[in-house]
Amino acid sequence: MDDGSVMFRLWAPAQETISISIDSGDLLPMARTQDGWFEATATVPAGTRYQFRLSDGLMVPDPASRQQAPDVHDPSVVVDGAFAWQHPAWRGRAWNETIIYELHPGTAGGFKGIQADLPRLKDLGITAVELMPIADFPGQRNWGYDGVLPYAPDSTYGSPAALKELIDTAHGLGLMLFLDVVYNHFGPDGNYLSLYAPQFFRDDVKTPWGPAIDFRRREVRDYFTGNVLMWLLDYRFDGLRFDAVHAIQEQDWIEEMAATVRSSIEPGRHVHLILEHHNNAAHLRKAVDAQWNDDAHNVLHVLLTDETAGYYADYADDAAAKLARCLAEGWVYQGQQSKYLGDARGEPSADLPPYAHVLFIQNHDQIGNRAFGERLTVLTSPRALEAAIALQMLCPQIPLLFMGEETASEMPFLFFTDHHDELAEAVREGRRLEFAGFAAFADPEKRQHIPDPNAVTTFAASIPQPGPAGAEARLALYKVLIGLRMTEIAPRLVGTVATSATVIGPKAVRADWKLGDGTRLTIITNLGGETVTCARPPGRLLFPSSETGGDLTGPATRAYLEAAA
């Protein structure tokens, strides 16, 4: 507070009395209001550790804790949010300039490790670094989706001040910082909300992670919207990626939250909101910038690997036609029935601009949700992968790289946690049972070879290293493609519309766009080994640097630009 005191508030409608336990040994009673809020004010310094004492004597952390000392079951810490920003005039970058690099903060060395790597990412041509979730989770290792204290950066990665220093350094280099946030569930260890605020959850709707969070309640909406504003205003993140928001029952919260963000951000500042969703176009016509394009990834994966198990079965038939639809209209599934989901998926998306979609060939989910976390570097040929990379980097959708792609890393990215005792065993066996439906793991003995998520070696094996062959060539390819994108595509991106996409071979597609200034972009990609016949488009060859005739022997990708008439 302005007078130096600290106000503590807790919504605990299921409790009659709440006290604050201060690390000095003091027990401070809190006043209860009729709507279930408890409040108290105390003059304590930053760094003070505290817990809320429930009516039965149980000590719990602050659900809006800004820092833990050090883990989810431990005391919360009073944080002084003051920070001397070195680049306060930073206003972000426009969406059309965005090239995203997704990384896991733990495998990257925490906030300090990421900060040290920023110059390399800038040299590569990346414009936005996206952190997988950092909300406090139990233990030392986690993907981040088991977070239980959304307001507290996990202490394993560094302090709140270290996070601000990372973001400030990025801004000084002209880089945006994005953060992945999880509002559809809490992790299985360290979430005490149900003990004092069971109204936070619904007992009539279940999700894959447990009871649904009740976004019908104003207190719940404000809790998560407040978290969004903290990351964007207090920490000055440039954008957020919202995990699996299709699991949020009350979809209108997304619109409410996005509108609040737009009205709260200072004029002239670029802030970007990105969803993971089951193809909801309505959000993208309002205040949300883009959605991760799982459809495009899935069909590219089928074309590159010929895998058709699991959700890839939805993309196995007429895969080239499905890729053409993604390039022309954004998504494959626009209301059609998904056999894998057993339900209709998606909404019509042809009216959306291409840059309303984030295009990736790999990401944390698509690698890590495999039993052995294999990357495409070990699942397909280098030529085929590089043809797909060229398509990704030069088409008008927004590209996302996953850490290690730029150096052709062959290291896996495995699912890892740091649970203990019964929960560790449940996670280990649950992970292995996930794959029981796959023919390769029908034998229980084979499933025992799936890495234990709780083993330190599983985490260590997931730290990316440059590939044993082709790392320098792959890095050079990315630099060339990013350079072309930033000089030829990004400045013309706003206003781009798709004009056609045609299947020209078993794994080959030609796609055409009219860019915002009237320039015509044509990409011909052939992810198979055949030669396909295609007329040479008008205009100059953008990529590669030379061509031999009109036919295209795969795997290969060509791109052409024709000046506006």
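Two strands count as paired if DSSP finds at least two bridges between them. Helices (H or I, at least four residues) and strands (E, at least two) are themselves DSSP runs, numbered from the N terminus. With that settled, hello everyone, and let's look at this protein together.

A word on the source: this is a predicted model, where local features need pLDDT of at least 70 and side-chain atom pairs count only at pLDDT 80 or more, while totals for chains, interfaces and linings use all residues. Residues are numbered from 1 along each chain as its sequence is written, and side-chain values use heavy atoms, with hydrogens and water left out.

First, the overall picture. The protein has 14 helices and 29 strands. Its radius of gyration, taken over C-alpha atoms, is 25 Å, close to the 24 Å that the globule rule gives for 565 residues, so the protein is as compact as a globular protein of that length. The globule rule, by the way, is 2.2 Å times the number of residues to the power 0.38. Along the principal axes, the C-alpha trace spans about 80 × 60 × 45 Å.

Now to the barrel. Strands of a sheet pair through backbone hydrogen bonds, either parallel or antiparallel. In what order do the 8 strands of the barrel close? Follow E9-E10-E13-E16-E17-E18-E21-E22, with parallel pairing. From one strand to the next, the twist averages 30°. Angles here run from 0 to 180 degrees between N-to-C directions, and axes are lines fitted to C-alpha atoms, for helices over the stretch in contact.

Let's zoom in on one pair. Strand E10 (residues 128–131) and strand E13 (residues 176–181) run parallel, joined by 4 bridges. Here you can find Val129 standing opposite Leu177 of E13. Helix H5 (residues 252–264) packs on this sheet, where it touches strand E16 (239–242) and strand E17 (272–275). Touching means contact, that is, heavy atoms within 4.5 Å. The direction of H5 makes about 165° with that of E17.

On the way from E16 to H5 there is a loop, and Ala244 sits in it. Phi of Ala244 is near 40°, which is a positive value in a residue other than glycine.

Staying with H5, which helix crosses it at roughly 40°? That is helix H4 (residues 218–234), and the two axes come within 10 Å. That angle makes H4 oblique to H5. For the cut-offs, angles under 35 degrees count as roughly parallel, over 145 as roughly antiparallel, 65 to 115 as roughly perpendicular, and the rest as oblique. The crossing of H4 over H5 is right-handed; a crossing is left-handed if the near helix is turned anticlockwise from the far one by less than a right angle, and right-handed if clockwise. Among the residues making this contact are Phe224, Val228 and Leu232 of H4, and Trp253, Met257 and Val261 of H5. By class, the contact residues divide into 8 nonpolar, 3 polar and 4 charged. In this scheme Ala, Val, Leu, Ile, Met, Phe, Trp, Tyr, Cys and Pro are nonpolar, Asp, Glu, Lys and Arg are charged, and the others, Gly among them, are polar.

Next, two further helix pairs. Helix H1 (residues 110–124) packs against helix H2 (residues 160–172) at about 10°, with the axes 9 Å apart. So H1 is roughly parallel to H2. In H1, residues including Phe111, Ile114 and Leu118 meet residues of H2 such as Leu163 and Leu166. This contact has 7 nonpolar, 2 polar and 2 charged residues.

Helix H7 (residues 294–305) and helix H8 (residues 319–329) pack at about 150°, also with axes 9 Å apart. That makes H7 roughly antiparallel to H8, and the crossing is left-handed. Val299 and Leu303 of H7 and Leu323 and Cys326 of H8 are among the contact residues. Here the classes are 9 nonpolar, no polar and 2 charged.

E4 is joined by 2 bridges to strand E5 (residues 37–42), and Ala31 has Glu39 of E5 as its bridge partner.

Last, the cis peptide bonds. One joins Ala69 and Pro70, with omega about -10°; Pro70 is in the loop between strand E7 (59–60) and strand E8 (76–77). Another joins Phe543 and Pro544, with omega about -5°, and Pro544 is in the loop between strand E27 (540–543) and strand E28 (552–553).
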